[in-house]
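Open the model in your viewer and keep the selection tool at hand. The stops below say what to select and what is there.

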Amino acid sequence: MSSSIQVPDNSHYAPDELPLSATANLNNQSGNSNSSSNYVPDDDYDLEAAARRHKEERESSFATERDEALQRVRTAGSISISPELFEKLYLTPKKTVKGDLRQTFGNPTPLALMGHILSICPLGCDLIGWKGAGQFGAASTGGFVFVGGVLLLLSGILEFFLGNTFSFVVFSSFGAFWLSFAGVLIPSFNSVGAYSPTGDSQVLGLNTTGFQASLAFYLLFWSLAVLILLICALRTNIAFVLLFVFLDATFISLTIAFFLLSEGQFTRGTNVVKAGGALALATGLVGFYIFLVLMLVAVDFPFLLPVGDLSHLMKGYQQKHGPLK
């Protein structure tokens, strides 16, 4: 029997596809060119060692991939997302803040929208007078307090701790608005009755010039505040801008309506109130769309809806000139 090593024909293998035994034999031959030509390595030992090394490498690679995947999940918060997606999620221009609260806690913005749209849509239907509805939505007074007021105030406070100043101001302000509007409808506040000749009649006070003109002035300055918010919203997205456009038009319409009513123009004033109700309903429908967009993002839905990002059209002062000094 010949003592020479028989090397199998591996010409049909690519270099990285050589069988493990053949690779071991070739490595031993090249590494031991000065040794005796009849030296045969222990193939079983080499195969077991290579298998162990291969298993360890696979386990190490799997652990690394697992750690990287977990890290991606942990850092999927607002800090690592693009400014466009941030402004879609929080309805506010992205601003660097200390800490990782945005990664730790949920996004309160959809909750605020929920409170607003579930208050303004019923009110819009009441102002229009559909199906005999009316009385400025008195039936929804509890909703104005606990849905509009509480949810918006709670969301505003949470936005404050997340460092989102714009959202904090918007949500807190409108939470206060819904509470104040509910106060007008709650008899114990006597907001309407104080204008009646007897000083306590809701019915008589509602139709007085004093009440209607006073309410018109209240709505007038709200329309001015919303206009400022509208200007600031130009740095977010089209959907949010439209919400403020319709909302401001609602306040302006109701302001005009109550001034007309205070002047005794009942028919014209009533028609403008209905127009204000239609605008309020349009505001709520836009809000429902934004709410849907945010919830789809929150559950990582297979597709997302557009909001018309505007962040790339108007660079901020600090983006142009650096941090404020």
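Select G156, which is found in helix α6 (residues 141-162); helices are DSSP runs of H or I, at least four residues, numbered from the N terminus. This is a predicted model, in which local features need pLDDT of at least 70, side-chain atom pairs count only at pLDDT 80 or more, and totals for chains, interfaces and linings use all residues. Residues are numbered from 1 along each chain as its sequence is written, and side-chain values use heavy atoms, with hydrogens and water left out.

G156 counts as buried because its relative accessibility is 0% (buried means under 20% relative accessible area, exposed over 50%, partly exposed in between, with a 1.4 Å probe and protein chains only). Beyond its neighbours within four places in sequence, G156 is in contact with F168, F171 and S172 (contact means heavy atoms within 4.5 Å).

Next, look for aromatic pairs, of which the whole structure has 19. Rings of Phe, Tyr and Trp (its six-membered ring) pair if their centres lie within 6.5 Å; planes under 30 degrees apart count as stacked, over 60 as edge-to-face and the rest as tilted. Select F166 and F240: the ring centres are 6.3 Å apart and the planes at 90 degrees, so this pair is edge-to-face. The pair links distant parts of the chain, with F166 in helix α7 (residues 165-185) and F240 in helix α10 (residues 238-262), 74 residues apart. Both F166 and F240 are buried.

Note on methods
Helices (H or I, at least four residues) and strands (E, at least two) are DSSP runs, numbered from the N terminus.
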